[in-house]
Amino acid sequence: MTLMYPDEVQDLPDGYRGMIEYDWDSCIKCSLCAMVCPADAMKMYVSKEESEREGKTVKRPGINYTRCIFCGFCVDICPTDSLRFTKVHDVAYYTYEEQIYPPVEFSKGVPKPFYFREPKRVRVILDERRGIKYEPVGES
């Protein structure tokens, strides 16, 4: 059964691997996220202001969603939980460059999907006769 997107959107389960959110304040700049990324989507960028202030090179993570495979290795390895998955996954971009988030942009959070009108929320259920079907959330 086809979901009638964008009039209907799926209510996603906890633990869904959507776009990644970054907490600037709790990040210890260890670079583990960039080292473990198998797709080279996570990259460390030099933070000019912090480097000048601390007198040494300081790097922070940024993400390239054209490369990210949502494997979760970066989220799993982060020792301070500065990286977390969100349930946002349905964002459209006009250009390739818009999908690359340097640290400051990355820390602003994930973009919110835009709908012309509020969509109806549905969840997936398995029906023995019909297979997968969608059921409105909040109705029985």
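When residues are sorted by class, Ala, Val, Leu, Ile, Met, Phe, Trp, Tyr, Cys and Pro count as nonpolar, Asp, Glu, Lys and Arg as charged, and the others, Gly among them, as polar. Keep that sorting in mind as we walk through this structure, which is a predicted model.

Let's start with the second largest pocket, which holds about 200 Å³ of space. Its lining takes in V9, Q10, D11 and L12, then K87, V88, H89 and D90, and also P113, Y115 and R121. How many of these residues are nonpolar, polar and charged? The lining divides into five nonpolar, two polar and four charged residues.

Now turn to the largest pocket, with about 260 Å³ of space. Here the lining includes Y5, P6 and D7, along with D90, V91 and A92. The run from K112 through P113, F114, Y115 and F116 to R117 also lines the largest pocket. By class, this lining has eight nonpolar and four charged residues, but no polar ones.

Next, find the sheet. Strands of a sheet pair through backbone hydrogen bonds, either parallel or antiparallel. In this model, three strands form an open sheet in the order β3-β4-β6, and the pairing is antiparallel. Why is one side of β3 and of β6 left without a neighbour in the sheet? Both β3 (42–46) and β6 (100–101) stand at the edges with a single partner strand each, so one side of each has no neighbour there.

Finally, look at how β4, residues 59–64, meets β6: two bridges join these antiparallel strands.

Conventions. Residues numbered from 1 in each chain as written. Predicted model: local features only at pLDDT ≥ 70, side-chain atom pairs only at ≥ 80, totals over all residues. Heavy atoms only, no water. 1 Å grid on protein atoms, 1.4 Å probe; cavity = no way out; pocket = protein on both sides within 12 Å on 5 of 7 lines; lining within 4 Å. Points joined across faces, edges and corners; volume = space filled by probe spheres on them. Pairing = 2+ DSSP bridges. Helix = DSSP H or I, 4+ residues; strand = E, 2+ residues; numbered from the N terminus.
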